[in-house]
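This briefing concerns the aromatic ring pairs of one protein model. A pair of aromatic rings is described by the distance of the centres and the angle of the planes.

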Amino acid sequence: MTPKNCICLWYEGDAQEAAQFYAKTFPDSEVKAVHLAPGDYPSGKAGDVITVEFTVMGIPCIGLNGGPVFKHNEAFSFQVATDDQAETDRLWQAIVANGGEESVCGWCKDKWGISWQITPRILTQAIVNPDRAAAKRAFAAMMQMGKIDIAGIEAALKAE
């Protein structure tokens with residue numbers, strides 16, 4: 001059953017492939033249901049996959065195969081808090097190696113155009129550090145990074 005509130009993500013026709021990738025890549029993620037169109041619609045015909053119910057790290061989502069009309073952009077992203085460099089590297093690489101693209105400051109985009117912030121917890125903690133000089137150094141270090149390098153953030157925090 002569809003939850004009362006969920007995120008609806010628009011795809012050109014490959015919502016099921018995206019949902020399966022997310023389920024394979026992220027913990028606490030799964031494909032819950034695949035629904036076929038009962039009739040023809042502007043981007044497809046009866047019997048095509050129209051929606052896919054899935055979760056991404058426990059967040060309920062629906063993938064809608066709506067066609068090429070609307071494109072994703074960075075105004076929406078999933079922010080994933082990582083605990084160490086290995087987890088950061090694994091998730092970043094999974095997204096980028098599957099047809100995605102790298103960006104800056106911990107952002108990357110999957111092959112469907114969904115933006116992801118792969119954000120080590122230490123970075124989030126560094127930016128809100130009460131030592132504002134250390135926070136500023138960590139922020140400046142982050143601004144020079146694509147994928148976040150935890151050792152680089154730690155070094156910036158310790159610098160004088």
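A search of the whole structure finds nine aromatic pairs, a pair being rings of Phe, Tyr and Trp (its six-membered ring) with centres within 6.5 Å. The model is predicted: local features need pLDDT of at least 70, side-chain atom pairs count only at pLDDT 80 or more, and totals for chains, interfaces and linings use all residues. Residues are numbered from 1 along each chain as its sequence is written, and side-chain values use heavy atoms, with hydrogens and water left out.

**Trp10 and Phe70**
- The rings of Trp10 and Phe70 are edge-to-face, at 5.0 Å centre to centre and 85 degrees between the planes; planes over 60 degrees apart count as edge-to-face, under 30 as stacked and the rest as tilted.
- Trp10 belongs to strand β1 (residues 7-11) and Phe70 to the loop between β4 (59-65) and β5 (77-82), so the pair ties together parts 60 residues apart in sequence. Strands (E, at least two residues) and helices (H or I, at least four) are DSSP runs, numbered from the N terminus.
- Trp10 is partly exposed at 24% relative accessible area, whereas Phe70 is exposed at 52%. Buried means under 20%, exposed over 50% and partly exposed in between (1.4 Å probe, protein chains only).

**Phe26 and Trp116**
- Phe26 and Trp116 are stacked, because their ring centres lie 4.5 Å apart and their planes are at 10 degrees.
- Phe26 is in the loop between α1 (15-25) and β2 (30-36), and Trp116 is in strand β8 (residues 115-120), 90 residues apart.
- Phe26 is buried at 3% relative accessibility, and Trp116 is buried at 0%.

**Aromatic cluster**
- One aromatic cluster is formed by Phe21, Tyr22, Phe26, Phe54, Phe76, Phe78, Trp112 and Trp116.
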